Amino acid sequence: MKDSKADRPKSANIRKKPKKQLMVFSGRSHPGLAQEVAALIGTELVPTSAYNFANGEIYVRYEESVRGSDAFVIQSHAAPINEAIMEHLIMIDALKRASAKRITVVMPFYGYARQDKKHRGREPISARLVADMFKAAGADRLIAVDLHTDQIQGFFDGPVDHLMAQPVLSEYVSAKYGDQDLAVVSPDAGRIKVAEQWSKRLGGVPLAFIHKTRDINQPNQTVANRVVGDVAGRVCILVDDMIDTAGTITKAADAIMEAGAKDVVIAATHAILSPPAKQRLIDCAAREVIVTNTLPIAPENEFEGLTVLSIAPLISAAIKEVFEDGSVTSLFGGRA
């Protein structure tokens with residue numbers, strides 16, 4: 001004969017109602033963006049103590065309980081990049097050991113993303129190593145903006161939400177230059193697919209790309225540029241995922257003008273802007289350089305003609321969808 005409910009121990013009758021608590025955390029590399037994201041979500045950043053010991057070791061401690069939380073840890077991998085990544089990993093480890101229920105890594109800029117394959121023997125695939133480290137630290141999910149290549153999504157053993165800055169950038173371009181004859185130009189043949197998506201967003205404008213050769217022994221160096229496609233008399237939108245030393249993008253801009261373009265506008269997601277990027281961008285043929293704030297831009301890197309758009313609305317919308325078990329893909333019209 002089965003026991004009645006009255007005979008059961010009290011613990012057997014306890015039913016805990018699921019309770020979700022969203023908490024947003026920020027590292028020290030780009031707190032301004034994290035604060036903007038938290039404000040758009042309608043919350044505040046969790047108070048955090050973070051500092052370096054004399055020998056450079058990083059210490060992190062959260063000032064309130066994170067037990068059972070749905071934690072979103074925002075850190076853009078800005079220079080010094082290795083310190084930013086290590087701090088990000090330590091923050092995740094602290095959350096795991098403090099019993100956070102789910103840990104989502106939000107990296108507006110994914111460090112080492114360019115090292116996503118082997119060009120020669122005995123080279124690392126560092127983008128995969130970074131993904132492995134975040135998984136080992138305790139990350140359950142990744143959110144990143146404009147990865148260097150789509151394949152990086154497969155490096156992480158878990159859900160990856162790949163956000164695209166294209167809607168933010170193209171909306172600005174359309175509003176400012178939409179009344180002119182436009183063309184979209186890819187800086188190389190490998191990014192023509194991205195340029196096609198830009199073309200659709202701008203009403204099916206013509207496409208072109210830069211045929212270039214690159215010296216694999218010299219990073220950040222291109223050898224030759226040639227425009228493939230008709231750009232004559234058009235305002236050309238030169239699109240890329242990042243601007244580091246700006247050597248590639250400025251050579252491409254100059255080549256487009258030499259091919260008879262009316263004007264060049266550079267649009268890129270990640271403004272790394274390592275020296276001598278600023279001077280190269282000032283000296284090149286581009287009328288305007290449009291970027292997002294996935295990375296902090298130091299005052300000394302700002303210049304006339306640089307436009308910085310906020311990526312915070314996109315990141316905050318993605319965090320809300322993840323927290324509410326919604327669809328991040330819906331933010332991009334079904335493709336993401």
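The model is predicted: local features need pLDDT of at least 70, side-chain atom pairs count only at pLDDT 80 or more, and totals for chains, interfaces and linings use all residues. Residues are numbered from 1 along each chain as its sequence is written, and side-chain values use heavy atoms, with hydrogens and water left out.

An unreviewed UniProt entry places the feature "binding site" at Asn55, Gly56, Glu57, Arg114 and Gln115. These positions span 61 residues of sequence and are also spread in space, with up to 29.4 Å between C-alpha atoms. UniProt positions follow the numbering used here, feature names are shortened, and annotations may be inferred rather than shown by experiment.

Glu57 sits in the loop between strand 2 (48-52) and strand 3 (58-62). Helices (H or I, at least four residues) and strands (E, at least two) are DSSP runs, numbered from the N terminus. Glu57 has 47% relative accessibility and therefore counts as partly exposed. Residues up to four places away in sequence aside, Glu57 touches Tyr51 and Asn52; contact means heavy atoms within 4.5 Å. Arg114 occupies the loop between strand 5 (102-107) and helix 3 (126-137). Its relative accessible area is 37%, so Arg114 is partly exposed.

Four aromatic pairs are present in the structure. Rings of Phe, Tyr and Trp (its six-membered ring) pair if their centres lie within 6.5 Å; planes under 30 degrees apart count as stacked, over 60 as edge-to-face and the rest as tilted. Phe53 and Tyr59 have ring centres 6.3 Å apart and planes at 70°, so this pair is edge-to-face. Phe53 is partly exposed at 39%, and Tyr59 is partly exposed at 30%. Tyr51, Phe53 and Tyr59 form one aromatic cluster.

A nonpolar core is a set of buried Ala, Val, Leu, Ile, Met, Phe, Trp, Tyr and Cys residues joined through side-chain atoms within 4.5 Å. The largest has 40 residues, and those with the most contacts inside it include Val37, Trp198 and Ile315. Helix 8 (residues 312-323) supplies the largest share of this core, seven residues. Beyond its neighbours within four places in sequence, Ile315 is in contact with Leu33, Val37, Val106, Pro108, Val145 and Leu163. Another core lies apart, with 33 residues, among them Ile85, Ile103, Met107 and Leu142.

Terms used: Buried means under 20% relative accessible area, exposed over 50%, partly exposed in between (1.4 Å probe, protein chains only).
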